[in-house]
Amino acid sequence: MPTTEYAATFALVDTDGDGRISAQELASLMHNLGDECTEEQAAEVVRSMDGDGDSRISLEEFARYMARNRA
Ligand SMILES: [Ca+2]
Ligand SMILES: [Ca+2]
């Protein structure tokens, strides 16, 4: 699975650099994009992207999601 093409985007969202995207990081990203997004909504999105159930999005899960949703 080629994850490198998504690594730069992933790093932008993973603001604390721990290699996992949390619902909180996702919510603040949405805010920065001018989108009203509650942490609850962000948690919902994380759940939909989460493959292993740890409530965090890894680069691999992120890449898998992006690849699947690419037009
Ligand atoms: Ca993080
Ligand atoms: Ca996960």
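In what order do the elements of the protein chain run from the N terminus on? Please then turn to helix H2 and describe which residues of H2 are buried and which residues H2 and H3 bring together.

Author: The model is a predicted one. From the N terminus on, the elements run α-β-α-α-β-α, which amounts to 4 helices and 2 strands. The radius of gyration of the protein chain is 11 Å, close to the 11 Å given by the globule rule for 71 residues, so the chain is as compact as a globular protein of that length. Along the principal axes, the C-alpha atoms fill a box of roughly 30 × 30 × 25 Å. Of the 71 residues, 20% are buried. Among contacts between residues at least 6 apart in sequence, 40% join residues at least 24 apart.

Helix H2 comprises residues 23–32. Its buried residues are Ala-23, Glu-25, Leu-26 and Ala-27, and these pack against helix H1 (4–13), strand S1 (20–21) and H3. Just after H2, Gly-34 adopts a positive phi of about 85 degrees.

The pairing of H2 with H3 may be taken next. Two packed helices are described by the angle between their axes and the distance between the axes. The axes of H2 and H3 (residues 39–49) come within 8 Å and cross at roughly 115 degrees, and the crossing is right-handed. On the H2 side the contact is formed by Ala-23, Gln-24, Leu-26, Ala-27 and Met-30; on the H3 side, by Glu-39, Ala-42, Ala-43, Val-45 and Val-46.

Leu-26, which is placed in helix H2, counts as buried because it has 22 C-beta neighbours inside 10 Å, the threshold being 20 or more. Leaving aside residues up to four places away in sequence, Leu-26 touches Val-13, Ile-21, Ala-42, Val-45 and Val-46. Its C-alpha atom is separated by 9.7 Å from that of Thr-38, 12 residues away along the chain. Ala-27, with neighbours within four places in sequence likewise set aside, is in contact with Cys-37, Thr-38, Glu-39 and Ala-42.

Asp-14 lies in the loop between H1 and S1. Asp-14 is buried because 22 other C-beta atoms lie within 10 Å. Although Asp-14 and Glu-25 are 11 residues apart along the chain, their C-alpha atoms are separated by 6.5 Å. Apart from residues up to four places away in sequence, Asp-14 touches Gly-19, Arg-20, Ile-21 and Glu-25.

Key. Residues are numbered from 1 along each chain as its sequence is written. Chains are lettered from A and ligands numbered from 1 in the order in which they are written. This is a predicted model: local features need pLDDT of at least 70, side-chain atom pairs count only at pLDDT 80 or more; totals for chains, interfaces and linings use all residues. Axes are lines fitted to C-alpha atoms, for helices over the stretch in contact, and angles run from 0 to 180 degrees between N-to-C directions. A crossing is left-handed if the near helix is turned anticlockwise from the far one by less than a right angle, and right-handed if clockwise. Two residues are in contact if their C-beta atoms, placed from the backbone, lie within 7 Å. The radius of gyration is taken over C-alpha atoms; the globule rule is 2.2 Å times the number of residues to the power 0.38. A residue is buried if 20 or more other C-beta atoms lie within 10 Å of its own, exposed if 12 or fewer, and partly exposed in between; C-beta atoms are placed from the backbone.
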